[in-house]
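Try each task before you read its solution.

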Amino acid sequence: GSALWCWGVNYNGVLGSGLLDDFAYEEAQPIPGAWAEVAPMQERNGQEEHVCGRRLSGELECWGDQAFTPGVPCYGDDRPCIVEPQGAAPFTTVTTGSSVSCALAEGWPWCWGWADEAQLGFDTTSFDARFPLPIPRTAPPVEIAAGFLGGCARTADGRVACWGSDLYRGEVGPDPARAAFPMAGVAEAAQVAVGLSSVCVRGGDGSVRCWGGSFDDDYGFLGGESARPSDDAYAIPGLPRAVELAVGNAHGCVIGDDASVWCWGESAAGATGAIGGDDCAGTPCTRTPRRVEGLPGTPVELALGGLLSLREPGFSCARLADGRVSCWGANGLGTLGDGTRVDSAAPVLVEGIDDAVELRGVGLHVCARRSSGEVWCWGADLGGTLGTTARLPACGFAPCASAPVRATALAGTEA
């Protein structure tokens, strides 16, 4: 359907309910209107700051806190407000990062938000944009992806151009990219994915290339022997032909055309299918991609999580063709959904889910949409993010559900 419901912590009005109270809402707050898609801002310190949604009519509206991304022209608004494209036709898609948001209009990328790292793709770092502006020097893209400090666009002919932090644009130097910068060595890209400080692309031939890396160490994310950021699009070695690519906080995974899953990067708790193997500045990692053994079915969709800023290692989940879900990696907050809080490098089945049709992982929790339209979630319940009224046990700094709980916030609605 086209209805939109939100629940969790109403941080500066991020639920769009018309209230500005920072309370945790376990009951869903409806947002009136017919919506085509919604893009929550990537988390900073475990909290989402604002949300943007595209109506079926093409209008783009945003709501919530604008302290980190001042792009929305109505600061701290507690209800959706229209974001004007300054003369462009209606938007066709929207994506949000941690300090910038981008959308497509007439096949052209428009961005707004902070500019301290040239996240807007302009020849300046001296002003922030409170309304969308067109990104210069790009051909009309078919896909855009916003990240922590910038974004990337993929064109119909498979080229990729990035802007913002030097790590995104493939230049490990002191200056941010002040315009969209075509990435050398990338051609015929079929998918682009932006992580915390790295970018990966899946080629039409199934190959995967990544560049960037974290500010101190790449946690093995680039899949090579070097422990430093790369200014080249590095071909991830040892992978089968990839048909799907997923990027997490500091690790990546692909589904191969042979239905295998391969992962690499941070692996302190087994998010890559093994605990460690290599050392990345004191953090266990897997520099060479490894096959995840023991999946109990055919994977069709991936969802990765973890939040290193809160010292929470990564985890990985796969939706299987038969509707079950299997996860592996960190489980201290119940993110594997198997009813325990024991980390596991081997895939375990999520309890009670056998008809999942969609899977999403954000930060420290995962949700599955079932064939009935119900949504069931597990992991950390940071201020009601699981959408349940059930009393959950304390799991360190947050309550958690180690097995899926129904998002009763959506009771009576069809997701």
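**Exercise 1. Work out the strand order of the open sheet of five strands, and say which strands stand at its edges.**

Solution. 
- Step 1: The order is E28-E29-E30-E32-E31, with antiparallel pairing.
- Step 2: E28 and strand E31 (394–395) each have a single partner strand, so one side of each is left without a neighbour in the sheet.
- Step 3: Inside this order, strand E30 (residues 375–380) pairs with strand E32 (residues 398–406) in the antiparallel sense over four bridges.
- Step 4: Two residue pairs can be looked up here: tryptophan 376 has arginine 406 as its bridge partner in E32, and glycine 379 stands opposite alanine 401 in E32.

**Exercise 2. Which residues of the largest nonpolar core touch the most other members?**

Solution. 
- Step 1: A nonpolar core is a set of buried Ala, Val, Leu, Ile, Met, Phe, Trp, Tyr and Cys residues joined through side-chain atoms within 4.5 Å. Buried means under 20% relative accessible area, exposed over 50%, and partly exposed in between (1.4 Å probe, protein chains only).
- Step 2: Of its 14 residues, those touching the most other members are Cys317, Val325, Cys327, Val350, Leu359, Val366 and Trp378.
- Step 3: Two or more residues of this core come from each of strand E25 (312–320), strand E26 (325–329), strand E28 (356–362) and strand E29 (365–370).
- Step 4: Take cysteine 327 and list its contacts (heavy atoms within 4.5 Å). Not counting residues up to four places away in sequence, cysteine 327 touches partners including Cys317, Val348, Val350 and Trp378.
- Step 5: Follow one of those partners. Valine 348 lies in strand E27 (residues 344–349) and counts as buried because its relative accessible area is 18%.

**Exercise 3. Is arginine 54 buried or exposed, and which residue does it meet in a salt bridge?**

Solution. 
- Step 1: Arginine 54 lies in strand E4 and is buried, at 15% relative accessibility.
- Step 2: Its side chain meets that of glutamate 37 in a salt bridge (2.9 Å, N to O). The term asks for a side-chain nitrogen of Lys or Arg within 4 Å of a carboxyl oxygen of Asp or Glu.
- Step 3: The pair links distant parts of the chain, 17 residues apart, with glutamate 37 in strand E3 (residues 35–40).
- Step 4: Glutamate 37 is partly exposed, at 22%.
- Step 5: Compare arginine 55, also placed in strand E4 (residues 50–55): arginine 55 is buried at 16% relative accessibility.

**Exercise 4. Which residues form a salt-bridge network with Arg360?**

Solution. 
- Step 1: Arginine 360 and glutamate 358 meet through their side chains in a salt bridge (3.2 Å, N to O).
- Step 2: Salt bridges with shared partners join Glu301, Arg319, Glu358, Arg360 and Arg369 into one network.
- Step 3: For the whole protein, the count is eleven salt bridges.

**Exercise 5. What is the mean pLDDT of the protein, and where does pLDDT stay under 50?**

Solution. 
- Step 1: pLDDT is the predictor's confidence in each residue, from 0 to 100. The mean is 76, and 64% of the residues reach 70 or more.
- Step 2: Residues 117–128 have pLDDT below 50, and pLDDT stays under 50 over residues 168–179.
- Step 3: Where pLDDT is low, the predicted coordinates should not be read in detail.

Terms used: Residues are numbered from 1 along each chain as its sequence is written. This is a predicted model: local features need pLDDT of at least 70, side-chain atom pairs count only at pLDDT 80 or more; totals for chains, interfaces and linings use all residues. Side-chain values use heavy atoms; hydrogens and water are left out. Two strands pair if DSSP finds at least two bridges between them.
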